[in-house]
Amino acid sequence: MALLDVEELSVTFARRNQRPVRAVDGVSFSVDAGEVVGLVGESGCGKSVTSLAIMGLLPKQPGLTVGGKAVFDGTDLLKIDDRSRRDIRGRDIAMIFQDPLSSLNPVVPIGIQVTEVLTRHRGMKGEAAAKEAAQLLDRVGIPDPKRRLKEYPHQLSGGMRQRALIAMAVACQPRLLIADEPTTALDVTIQAQILELLKDLVRDSGTALVMITHDLGVVAGMCDTINVLYGGRVVETARRRPLFRQPRHPYTVGLLGSVPRLDAGRGERLNPIPGSVRDLLPWPDGCAFAPRCTRRIDSCVGEPPALVVTHDSRGYRCVNPAPLPGAPGEEVREVVPGSATPGSVPAQAVPDDPPAVPGLAATPSEEDVA
Amino acid sequence: MTIISGKKREKIDRLAELAARDEERGVSLWQDAFRRLRRNPAAVVGAVILTVFLLVAIVGPFFVPYGPTDTMGIREGVVKVGQGLIPGHSAEHWLGYDHQGRDVFSRMIVGARQTLLVGVVATMIGLAIGALIGGVAGAAAGLGGRWGRWVDATLMRFIDMLLAMPSLLLAVSIAALLGPSLITVMIAVGMVSVPVFARLLRGSMIAQSNSDYVLAATSLGVRKSKIALAHVLPNSLAPVIVQATLTLATAIIEAAALSYLGLGNPDSATPEWGVMLADAQPWLGIRPALAIYPAVAIIITALGFTLLGEAMREALDPKLRK
Amino acid sequence: MSTGSERTTEPRDDVLVDVRDLKVHFPIKRGVLFDRTVGHVKAVDGVDLRIVRGETYGLVGESGCGKSTLGRALLQLTPPTSGEVNFDGVELTTLAPNKLRTMRRRMQMIFQDPMSSLDPRQNVESILTEGLQTHGIGGDRNARRKIIAETLDQVGLPRWALSRYPHEFSGGQRQRIGIARALVLGPELIVADEPVSALDVSIQAQVVNLLDELQDNLGLTYLVIAHDLAVVRHISDTVGVMYLGALVEEAPSDRLYTEPLHPYTRALMSAVPVPDPDVEDRRERILLAGDLPSPANPPSGCRFHTRCPWAQPTRCADERPELREIGGSRVACHWAEQIASGELRPHKVSVEVVRPVDEGEEPAVVSAPTEPGSFV
């Protein structure tokens, strides 16, 4: 059984006089013990809200509804009360945030913040806790840890702050670590240090890691399984090699085409995704990505595309996925269901009925496909 | 190769565009702020209070039942101060008489205009002088280089001097210098608020001067004076406008305080709420209502300005947008 | 624009911008009553570079390396402490303010954060008109409208954008407005400071392609400043790598990737994640120890020697390396040849603790005392 099983998680913010915003709209993924899972997406795709919902860290406010399940080791994290959730948080599940400075208390020395965690979850006190704290800082690669313990967050550099935060997160040897854009605020050389550190920690302690990021490069080197999110849903999930070699969902294809690669030659044009992340179709009306999709067909609109799961345990939500290289039949198969526009399909595909006026044909065809 | 019908494509595009724009014309920040202001109940309450106050102040004096200076109570022998006789409300005199036998209701109505005048003029004086000093200092400090910093430092030391004096003491000295009158009160109250406006505008302008769009304008080749006037100043005004609204409230109260101390109009012929409050002092034992009427009126008006000001602060705060 | 008397150097026709020994030092001020200068942050400390007309020069480096300051100093938006900036034969550092303002028409800037670089109270039309009015381009209103409409088409914004305000657009569209504002003046040089780093991944590619297209169509010269080596390499013909206020290596884009010579370039290159698991698993990482030293107190000799895995006991700590030409690249390393040939091997570096600099790149700004609202 998976360590963490998130099923149909949804988060809705309802505001007065406004349409409710579905920030997360049915996200499902699972994390096995010791596995590194990536949640990848752009701003507004719901990746951070997903992690906050799992951790029960969403600000309590009227109009907020969290639905679905997040089963961690047999307990549904969304059902338990705040107290038991606080116990699990920190001890079994820990979180690392993007901005280390705002995650640390600016007026309390690092040492006290680390020992606090040890005292609360591991019952360590005084000298023992201080010693353990120093060891933790040493383990995450902070030089001269004894002295650092007495210092305040602002006295540390960005990279060191993130290390201190990681030290606090791993203080209780949690079974699951959620890292929300842990390196976005850092420079590349520091990012490389932190990623290496996270890799080492995961390898040595068998902690499972959920890596939330917008950077495909980061997940390529780290994650075993990757979930690509768009508009609050997982649109593609796959092991990393298949995902990067043969992305199926057009959004994944588009993301990969948008990133300039360091190892690509100068002057190769990028293939950006048109439009902006604001151009969303609500899921009930069809595929959220349809307005920006270059592969959209008629059946993209009308109802949300179902999750297609293939034999090698990868899945995508798309009715017209990018073809696998080496699958010649694909192209033909895709064209046939979209026989809605008279004139643009082969003659034999035109139904017996007299050709409908273009435009009017659209409505019945939606039902046909459905 | 994808196939899609024209109608359907249109539908997708329309849905996509819905998210991006909901109306045809652009909405400026001021319009947007006004919209959010209208949705804020505190702003609505404040606006209603102020509308009533304004109406009373402007047209009220034409409809008062009696002359505000008519000492009819004494003339008719109803009011006998010596015997402690100041009649309260009646059908003819809704709020009764004051110690000189004048109709309190009429005086309250006419007083509203004076009070509004004191508040507005005092705030205007403070705003004008403060914004001028603050604006020059802010523009000089933000854009002016070494000379600018010198100008800024000089102006700000002057403001610090004003600020160092207790506000009431400052007002009393000004009033003492100019002799007691309504104008004195206005100037005194206005001067007290000068440092507030000056520092607020200067700070706001310096913050704006460091923003990227000022750099962008510089790189376009726009003159510094134009950048200060066309970019920095308009973007720095929001906190000043909010402060002005809040100052209107305190100005009315401070003017009342100065009048109460006897620095206001010595001739109590033209009624003003602060003066009325002061005049009521000796008769508190006999008829406390004489003090309560103007006091409550001042409080409600000040509350109206404060509510509106706070709501405006919220509406104009860029951090709270969306 | 460039009259005979203003020509200072022999202008090579293909070089548009020639920067020589440019330095920007910000004083660090302390003191309650009187400001005392207690030191200098050497944001840019002696940079030489040339930008060829019609090409893109990419400047890459991590935060605090002075790349943004260099861009601003080049445009005289931040006064340089010393050095020369020669733009098409005109020396900018000594130019009278009025003449400089006229020159600005020919060199424009694109900013990182498209929201904060647009005046929130100006609608798009007014944003685009401002530059035209300033330089008296286009004469009457109709002529200006025509120029603006053309520019909108070039950057791919719809006409209805004109009456709208910056906050009504998405990040990518805002950046297009920023580009249009620069473009409307018909500049020759555009300095783009982190033009895509604030944007979503899918939008970044749109803006990068737009910049490419504009260069092809209008023959623009770019100085692109970014922290993302992949982006810089993608759009640049020549890439300069900066570390602590100085160029450590400069090479043609492809050569920089195939043959990085400076140890810092190698480390930077190995740290950039590539979205390809095969590459990621195979590549060798050169992890740098510790953080960037403070630019207020840079290390002696080669500034990189405190973190350099190839640092040698001789020369590195006490002799500042100059940029030398090695086979098409310019590199500031005493041991570049030996490192390239494999004669020198990397070794482990112990971490030095680095204190964060108090504030950003411009400590001078920090002394602005009053914040709005703090009084109330």
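Predicted model: local features only at pLDDT ≥ 70, side-chain atom pairs only at ≥ 80, totals over all residues.
Two strands count as paired when DSSP finds at least two bridges between them.

**Entry 1**

I looked up the strand order first. Four strands of chain A make an open sheet that reads 2-1-4-5, with antiparallel pairing. Which strands stand at the edges? They are strand 2 and strand 5 (75-76) of chain A, and each has a single partner strand, so one side of each has no neighbour in the sheet.

Then I checked how strand 5 of chain A is held. Strand 4 (residues 64-72) of chain A pairs with strand 5 in the antiparallel sense, over two bridges. That count just meets the "at least two bridges" cut-off. For one residue I also looked up the bridge partner: A:Val71 goes with A:Asp76, in strand 5 of chain A.

**Entry 2: A:Glu35**

Next I picked a residue in a loop. A:Glu35 lies between strand 2 (21-31) and strand 3 (36-40) of chain A. Buried or exposed? A:Glu35 is buried, because 20 other C-beta atoms lie within 10 Å, and the cut-off for buried is 20 or more.

I wanted to know what A:Glu35 meets from elsewhere in the sequence. Leaving out residues up to four places away, A:Glu35 touches A:Ala208, A:Asp224 and A:Thr225. I also noted A:Val202: it sits 167 residues from A:Glu35 along the chain, yet their C-alpha atoms are separated by 8.3 Å.

**Entry 3: chain B overall**

Of its 322 residues, 48% count as buried. I looked at contact range too: among chain B contacts between residues at least 6 apart in sequence, 71% join residues at least 24 apart.

**Entry 4: a helix pair in chain B**

Two packed helices are described by the angle between their axes and the distance between the axes. I looked up both for helix 8 (residues 182-209) and helix 10 (residues 224-260) of chain B: the angle is about 160° and the axes are 9 Å apart. That makes helix 8 of chain B roughly antiparallel to helix 10 of chain B, as the cut-off for that label is over 145 degrees. The crossing of helix 8 past helix 10 in chain B is right-handed. By class, I noted 16 nonpolar, nine polar and one charged residues in this contact.

**Entry 5: what touches chain C**

I took the chain A side first. The contact uses 43 residues of chain A and 44 residues of chain C. On the chain A side, the elements giving two or more residues are helix 8 (188-205), helix 9 (216-222), helix 10 (240-245) and helix 11 (250-258). Helix 8 of chain A gives the largest share, seven residues. By class, I have 17 nonpolar, 14 polar and twelve charged residues on that side.

Then chain B against chain C. Here 29 residues come from chain B and 35 residues from chain C. Which elements of chain B give two or more residues to the side that touches chain C? Helix 8, helix 9 (212-220) and helix 10 of chain B do. The largest share of the chain B side, eight residues, is from helix 8 of chain B. I noted the classes there as 13 nonpolar, twelve polar and four charged residues.

How values were computed:
Residues numbered from 1 in each chain as written. Chains lettered and ligands numbered in written order. Axes fitted to C-alpha atoms, helices over the stretch in contact; angles between N-to-C directions. Parallel < 35°, antiparallel > 145°, perpendicular 65-115°, else oblique. Left-handed = near helix turned anticlockwise from the far one by under 90°. Nonpolar A, V, L, I, M, F, W, Y, C, P; charged D, E, K, R; others polar. Buried ≥ 20, exposed ≤ 12 C-beta atoms within 10 Å, placed from the backbone. Contact = placed C-beta atoms within 7 Å.
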